[in-house]
Amino acid sequence: GDNVTFAAIQVFSDLTLCQIAVDFTSALTSESVCPSESSVPPGEMDVYTAKCDSDGFARVSILVYDMQLSPVLNETLPSACPQATDASPVVGHYKYKIPCSSYCASNLPVCTPGQTVLLPNEVENLPAANREFASTIGIPEGTSAISLELVVSKSDSCDSNQFFFRVGEHYMEVGSDFAPGTFSYASSPIILPMLIETINSTSSRFTLLISSSYYSSNNRLVWGMKTDSGGCLSLSDVKYTSTCECVAEAVLESPASGLSPPAIDVLETSGDNVTFAAIQVFSDLTLCQIAVDFTSALTSESVCPSESSVPPGEMDVYTAKCDSDGFARVSILVYDMQLSPVLNETLPSACPQATDASPVVGHYKYKIPCSSYCASNLPVCTPGQTVLLPNEVENLPAANREFASTIGIPEGTSAISLELVVSKSDSCDSNQFFFRVGEHYMEVGSDFAPGTFSYASSPIILPMLIETINSTSSRFTLLISSSYYSSNNRLVWGMKTDSGGCLSLSDVKYTSTCECVAEAVLESPASGLSPPAIDVLETSGDNVTFA
């Protein structure tokens, strides 16, 4: 009855306009205000709250400033608004009144942890007319991620080579052809997890996973597509799905000082059990031994598996039984002579006992909540698709001697493409650099250029693309097959040098190639051939190409 909350939308052009101002009486101060935005693309600008007048209406005016539109208006503007100039004339002044008599609240569904919600979709099929299109999704409270699914088609007459997905204020460039192998993210400020399914030569189905960091403070998400010329793209079959938040984090109970990043990553919870990964975050060196103490979900007994010679990164995945109070207790013990101080305390009986050569230098006790159900949020890998995976690796400074990260692999993935830029500092005098994949290390040369790589002392050789950016930086793309994944469908990767202060990593991207199994079956004679005499190269619904 007193206030109205509304969103202002740039619907005046499919181009970015110079400036738009919104004039109304503020519900907070009861004074006239006129907030404005510059360089406004199509779509929702912001959300505002206006005070209602005594007659039961809120008055809102929208003013459009631009040199691209006409005619120019010569009228007196509200004093609180930006005044017109020759470079920024007013070409539109739209006056609205909004009724305040009835109470209207959000009709979004409630997001319950562990659930998935199909959201209302007001986007109909869109013709290939505009250069830029934008729409807004209202986000239910407690949403951890939005899945946006749509079919994008390119017209035969389209000669544009630049296409962008828009998420909030960010634009992600995609290639000129809508096919998994032709996407380029080099000039993009963001990389989002994405499923890509080719429908035909001009159409592909995209599924983007958009995390909560891209929502506005009002729980609204603006998304869209942009090209450099009109008449190119049409959108259809748009669908939004909300993944409801499920927070399950390990809480460090002792010692009081925390670790950053934490040494436990919670992967899945239920009311009875917790599945988690233990991570060596204690040093950028290889440590003597690390043990993990917990109650086994399989036997309900205390267990304490350990690993020796533990490099940085994820060690293994374990499943612990929850206690009667709704928490699983996990302790991590660190044994090494390189770290200090040495702890003199009684250790769990199931764990390795300390020795002079392997003293205990860390004992970290965690509790993990079991009350909420949290499942893996990895996308499903369907044969023939390509998946752009979530990436939690930010740009890394050249401080550590070894860095490691873990990729969760969707079920059915045949290979992972790992792309990153590696830069060597000017002061670096190291001549040994290694890529790490699982437990294996692949040595590379001292200079980051295609002709200088040496694999002679390496136990593995991976398919690799190398692109020289400048004298100290190169872009690497490694193709990593499923034989390097762990039994839990997780892949540890990293880089290592023989001295610190050498390498920095940036622009990290993971892409999953989904398995597509097509093998020739020998029908007769009954006995098979090894190896087979037919190699299937490519299949479609109508034809098969084979050697």
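Buried here means under 20% relative accessible area, exposed over 50% and partly exposed in between, with a 1.4 Å probe and protein chains only. The model is predicted, and local features need pLDDT of at least 70, side-chain atom pairs count only at pLDDT 80 or more, and totals for chains, interfaces and linings use all residues. Residues are numbered from 1 along each chain as its sequence is written, while side-chain values use heavy atoms, with hydrogens and water left out.

**View A. The aromatic pair of F165 and F206.** Rings of Phe, Tyr and Trp (its six-membered ring) pair if their centres lie within 6.5 Å, planes under 30 degrees apart counting as stacked, over 60 as edge-to-face and the rest as tilted; this rule gives 15 aromatic pairs. For F165 and F206 the centres are 5.1 Å apart and the planes stand at 70 degrees, so the pair is edge-to-face. Because F165 belongs to strand β11 (residues 163–167) and F206 to strand β14 (residues 203–211), the pair ties together parts that are 41 residues apart in sequence; strands are DSSP runs (E, at least two residues), numbered from the N terminus. F206 is buried at 1% relative accessibility, and F165 is buried with a relative accessible area of 1%.

**View B. The aromatic pair of F294 and Y318.** The ring centres of F294 and Y318 lie 5.6 Å apart with the planes at 55 degrees, so this pair is tilted. F294 sits in strand β20 (residues 287–295) and Y318 in strand β23 (residues 313–321), so parts that are 24 residues apart in sequence are tied together. F294 is buried, with a relative accessible area of 6%, and Y318 is buried as well, with 9%.

**View C. The disulfide of C52 and C100.** A disulfide is a pair of cysteine sulfur atoms within 2.5 Å, and the count by this rule is four. C52 is joined to C100 with an S to S distance of 2.0 Å, and the torsion about their S-S bond is about -100 degrees, so the disulfide is left-handed. C52 lies in the loop between β5 (43–51) and β6 (57–65) and C100 in the loop between β7 (90–99) and β8 (116–118), 48 residues apart. Both cysteines, C52 and C100, are buried.

**View D. The disulfide of C304 and C351.** The sulfur atoms of C304 and C351 are joined at 2.0 Å, and a torsion of about 95 degrees about the S-S bond makes this disulfide right-handed. C304 is buried, with a relative accessible area of 10%, and C351 is buried with 5%.

Technical notes:
Helix = DSSP H or I, 4+ residues; strand = E, 2+ residues; numbered from the N terminus.
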